[in-house]
Amino acid sequence: TNKDFESFFPKHKRSLHSQLDNHPVVDVTYNEVVEYCKRLNEVTGMAFRLPNEVEWVYAAAPYGWEYPHGQEPDMNAGHIFNDGHEFGCAPVGDPRWKPNFIGLDQIGYNVIEMTQGTYEIPGTNGFESDGTYYIAKGGSWGRCKFSPGVHRRRVFDVIDRNPRVGFRLAHPQI
């Protein structure tokens, strides 16, 4: 949440679309999230990190499902674009929406979520590299009802900030 993130980064500027303490953190770079995990782990003695893409898919839906709640997008499962809240993301733990099959809150149905791992794109036009990117998953807020499909990918530059992109942490014991 914004509140949790700001305990380590008090100067974090909240997005206009994620203003409350219990809203998901958005508008952060990949490297800021990696640094957040490092600081959180130092304080807690734990091993939090971003999930890799395979872990995210595994946690989002059972094998064979296209969406976190079945074969069709579930308009009652989470925050869907054009559900009356399209001007901002939904709070974490919002009781209006049901958790997925393992109890995760709005996975795939709120903000787009970063996954662990970066990929450098070979350069064109004489450049050594065209940049470093990461894969993000889920996210219906500001998109269409099909966005929460667990096999859909989005690619973002590690230095970009986006008011629709946030993160969810993984832990080896959870």
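**Strand pairing**

A: Ala136 stands opposite Arg154 in strand 4. This is a predicted model, in which local features need pLDDT of at least 70 and side-chain atom pairs count only at pLDDT 80 or more, while totals for chains, interfaces and linings use all residues. Residues are numbered from 1 along each chain as its sequence is written, and side-chain values use heavy atoms, with hydrogens and water left out.

Strands here are DSSP runs of E with at least two residues, and helices are runs of H or I with at least four residues, numbered from the N terminus. Two strands pair if DSSP finds at least two bridges between them.

Strand 3 and strand 4 (residues 154-157) are antiparallel and share 4 bridges. Strand 3 (residues 129-137) is also joined to strand 1 (residues 112-114) by 2 bridges, again antiparallel. In that pairing, Ala136 of strand 3 is the bridge partner of Met114. Strand 2 (residues 119-122) runs antiparallel to strand 3 as well, with 4 bridges, and Ile121 stands opposite Gly131 in strand 3. Strands 2 and 3 form a hairpin with 6 residues between them. In its turn, Asn125 has a positive phi of about 55°.

Glu53 belongs to helix 3 (residues 53-60). Leaving out residues up to four places away in sequence, Glu53 touches Thr115, Ile135, Lys137 and Arg153, where contact means heavy atoms within 4.5 Å. Glu53 has a relative accessible area of 16%, so this residue is buried; buried means under 20%, exposed over 50%, and partly exposed in between (1.4 Å probe, protein chains only).
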